Every structure is written in C-alpha cells, then in structure tokens.
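User: I'd like to learn how to read a model like this one, feature by feature. Can you walk me through it?

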Amino acid sequence: MNYQSSDYFHGNHVAHLAPVVAAVLMLVLAGCAPLPAKDPAPTLASARVADIVPDASASASAAGAPVLGDYGDPQLRLLVALALQDSPTMAVAQARVRQAAAAAGQTEAAAGASLAFDGSATRERYPEHSFYPPPIAGATFTSGHAALDFSYDFDFWGRNRSALDAALGRVAATKADAQAAAATLATSVAKTYFQWQAADQHLRIAQTLETQRRALVEHQARRVRAGLAPGSDLAPLNADAAAPRQSIVQLETQRAQAARQLQALVGVHALPELQAMPLPALSALPEADLRLDLLARRPEIAAARDRVQAALKDVDSQRAAFYPDISISALAGFDALQLGSLLHGSNRELAASPAIHLPIFDAGRLRAGLDVRRADVALAVAQYDQSLQQAIADVNDASVRLQGAQREADPLAAQVHAREHDLASARAREAAGLIDGQQRLVDELVLTSLQDQELNRRTQALLARIDLDHALGGALPSTAAVASATR
C-alpha cells in the first residue's frame, strides 16, 4: 500500500494535524510578548518671569547703543570670524554634526526598500558516484546565476519612522551644540579682547599717574629747597611716586597675557595687530519678559530639548518591536547548469517570500530594551531641567553683576564732577597767583584715579553684559559669521 497517497494525507493526517495547529496557535497567542502601555508625555521644567532678576536700572538705552550681542567693534568682528573659521573647537563641533547627519542617513537608508543584482558563474566537476544523475555525473559544467533581489520591510507600526525621527532629533541637537560652541567661543574672544583693551587703557592711566606723582614730588622738592616745606614731606611722596611703576609692569603683563590668550582662541599663528579702541557703550538691560523669551532659544537648552524628543522617539521605536514585523522579499532572474543557456526562458527563476516575525518568548529582552529607552528619556529630561536651571542662574548672575556696576555709575560720576570743579577752581586760583601749583597737582592726581575707577567699572559692566548676552544665547558679535560656521 502506498502510504504517501493524497487520500491518506487529506483523510488522516489533516484530521490529526488540525488539533495540533490549533494548540500551536493558542500557545503562540499565550506566549506573545505583552504590549506595553503608551508612556505619558514627560513634564519639562519651564522658566518663569519670577525666576529672572528684575531690571533694577533706571537708565535708558544710550543713543546708538549696540544691540544684543553686537558690540560695535570691527576688530572684534574680525577676531571672531577668524576664530570661527580656524578654531579646533569649531572643527570638532562641525565633525560631530556631520557624524550625526551620517548616522541619520544610515538609519533612513536601512528603513527603505532594497534592490540588488546578484550574478555568479561556477565551474564545477560533478562526482560520478553521488546523487547527480547522468549526464551530469562525472561531467564538468559552468553554471550561472543572475537575478534581481528585492526586499521591503512594511513599517506598519512606525518603528523605522520613529528611529529616523530620533536620529534627526540627534542631528538637531548636535547642530544646537555647534551653535553653543560658537557662542561660547565668541564670548571668550569678546571678553579677552575687551580685557586687552581695558589693560591698555589702564596702562595709559597708570603712566599718567606716574607722571603726575613725579610732578608732585618735584614741586614739593622745590618747596623744600626754598625753605617753604620740611624735607620730611618728600619721603612719603617718593614712596607714592614708585607705586605706579609696579602697576605699569603688572598691566603690561596682563595685556601681553590677554594677547596670547586671544591668539590661542583665534587659532592663528600671527595675531593681527591690535589697535586701541574705546570700550563700547551698553544698552539697557532687557526686560524680564524679553530675557525669558531669549532664554528659551539658548542653544544649550534647544539641544537638551531636542535630545528629549529624540529619546521619546527611541521609546516609540522600541515599543513598535513588540508588534509583528511583516516583510516581503522577491527574486527574479535566471539560473542554469550551463552558462550558455543561462538566458533561455526555460531557465527563468521567480520567487516571492512574504514573512512575519512575531515575538513570543524573548526572555524579557524587548521589555529590557524598552526600559533602557525609558531610562534614556528620564536622563534627557533631567539634563534639560539642569540646563534650564543653569541658564537661569547664569542670566541672574550676570544681571546682578551688571546692575551692580550700573548702580556705581552715579556716585562715581558725582565724585568726578566734584573733582573737576575743584580742579577748575585750583587752576583759576593758580592763574590768579593766589596759590601755587600743589593743589592743582593733587586735584589732577585724584581725578586721574577716579578715571581709573570709572574705567574699571565700565570694564566690569561690559564683561557682565557679555556674559548676560551669552546666557541669553546672543553673545555673538557677528551672528551671520556664526551661522555660516555652524552649517
């Protein structure tokens, strides 16, 4: 009896296989990986107007004052442009952007359809005593194969789309990191440049103080020689006259250090010769609402926000792995034992293979992977909150320093005004022959010291304003140059 007959299969085996198939299906359904619930959207921290230090300055913007992030100095613009072009810091940031973009391109390409051509030719002698029948057995043939292979993964649950969105989010984050690096570099260049300018101006004032103190010593020496003053008065004056020389040496060192720091920041072998320029006037402190709006666009915060969104997309992609993965592959070509007849119609080869992958028992791998992605979201949210908190602290610190320097302006201006009045009076009385030149020299010396204090106050206010602009995401003396450097 032929137990391989179709009657046997359809009559007996099918009846026996039916309950087995049903049992397998029930086992599959029972063992399917449970689908995780959709995660709630994370709550990101937000800045409030109450978190920002209010504007305590009553001074209005000066006419023609520079706007946020532009300090009106062409030398500074040139230095920043050179730094953004040649600095290794920017080269690293741009390389990271390209790296993230390449990874996103790789993710996008992996999610698309695949079409490939495969061709081969094989020269083979077939054994005589094997399962090959004559005339193949014992003969040598050159076989050939040529076919187009196609495959496509149906992204019904959005796994590939979510993975691509996550990769694009990381690209956006690295671009924001590059902008933040550019802003930090520009800030460092601006602060170092103005420190050089301030040291140069302090140096000139110190040289003036040295000249004035020497003139006061010479005037007192003439009074001693004329018997109008005791010789003991010269000793403290000589000591005071030596003090500016020490300050001059220190200021020359500070200026040289600032120049070397600028050269290191700019990244050029020969730093352009710097010309002395006055410190720029400052515009009024932006209102709290404006600072809050600028704070939201700070590159570091934008990068942290992009990373949160990318991590959320990674969670969606990992969750989609719990669903069946449906794909199809197809083949169309020719396959022949003899190469000469490869392209004959009788040797054509066609195939189509729909496939489904359904996770059943995975020993918790999918859920462990999902937990990892959820942990990434928690970390990204915490880093965002940390970035926002640090940004608010930076804004408030710079605002307090700037307001403190601004509050010193009026008392210092009142002292300068009073000393200028005293100096004018002393000059008038000296010209009338009522007094000698000693009082005029003392008043000039005090006024020069006040000018040095005013320069120091303006420098501190300027550095604080640069830090504030940076904290608000706008410390860029040349915004266009930064934009071109981060593309």
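Analyst: Let's go from the overall make-up to single residues. Keep in mind that this is a predicted model.

User: Next, the core. Which residues have the most contacts inside the largest nonpolar core?

Analyst: A nonpolar core is a set of buried nonpolar residues joined through their side chains. Here the largest one has 36 residues, and Leu76, Leu79, Val189 and Phe194 have the most contacts inside it. Helices H2 (74-86), H3 (88-111), H4 (159-225), H5 (234-266) and H10 (438-471) each give two or more residues to this core. H4 gives the most, with 13 residues.

User: And what does Phe194 touch?

Analyst: Setting aside residues up to four places away in sequence, Phe194 touches Tyr71, Asp73, Leu76, Leu279, Pro280, Leu462 and Ile466. There is also a second, separate core of 27 residues, with Leu295, Ile301, Ala311 and Leu402 among its members.

User: Now helix packing. At what angle do H8 and H10 pack?

Analyst: Start with the axis angle and the axis distance. For H8 (residues 365-407) and H10, the angle is about 155° and the axes are 8 Å apart. Angles over 145 degrees count as roughly antiparallel, so H8 and H10 are roughly antiparallel to each other. Their crossing is left-handed.

User: Which residues of H8 and H10 meet there?

Analyst: From H8 you have Asp394, Val395, Ala398, Ser399, Arg401, Leu402, Ala405 and Gln406; from H10, Arg457, Ala461, Leu463, Ala464, Arg465, Asp467, Leu468 and Ala471. Sorted by class, that contact has nine nonpolar, two polar and five charged residues.

User: How about H8 and H9: roughly parallel or antiparallel?

Analyst: The axes of H8 and H9 (residues 409-431) come within 4 Å and cross at roughly 25°. That makes H8 roughly parallel to H9. Ala405, Gln406 and Arg407 of H8 make the contact with Ala409, Asp410 and Pro411 of H9. By class, you get three nonpolar, one polar and two charged residues.

User: Let's zoom in on single residues. Is Trp196 buried or exposed?

Analyst: Buried means under 20% relative accessible area. Trp196, which lies in helix H4, has 9% relative accessibility, so Trp196 counts as buried. Beyond its neighbours within four places in sequence, Trp196 is in contact with Arg255, Ala258, Ala259, Leu274, Gln275 and Ala276. Trp196 and Gln257 are 61 residues apart in sequence, with their C-alpha atoms 8.4 Å apart in space.

User: What is the relative accessible area of Leu168?

Analyst: Leu168, also found in helix H4, has 45%, so Leu168 is partly exposed. Leu168 and Ala101 are 67 residues apart in sequence, yet 7.5 Å apart C-alpha to C-alpha.

User: Last one, the backbone. Where is there a cis peptide bond?

Analyst: Most peptide bonds are trans. In this model, a cis peptide bond joins Pro134 and Pro135, with omega at about 5°. Pro135 sits in the loop between strand S1 (114-125) and strand S2 (140-154).

How values were computed
Residues numbered from 1 in each chain as written. Predicted model: local features only at pLDDT ≥ 70, side-chain atom pairs only at ≥ 80, totals over all residues. Heavy atoms only, no water. Core = buried A, V, L, I, M, F, W, Y, C linked by side-chain atoms within 4.5 Å. Buried < 20%, exposed > 50% of the residue type's maximum accessible area, 1.4 Å probe, protein only. Contact = heavy atoms within 4.5 Å. Axes fitted to C-alpha atoms, helices over the stretch in contact; angles between N-to-C directions. Parallel < 35°, antiparallel > 145°, perpendicular 65-115°, else oblique. Left-handed = near helix turned anticlockwise from the far one by under 90°. Nonpolar A, V, L, I, M, F, W, Y, C, P; charged D, E, K, R; others polar.
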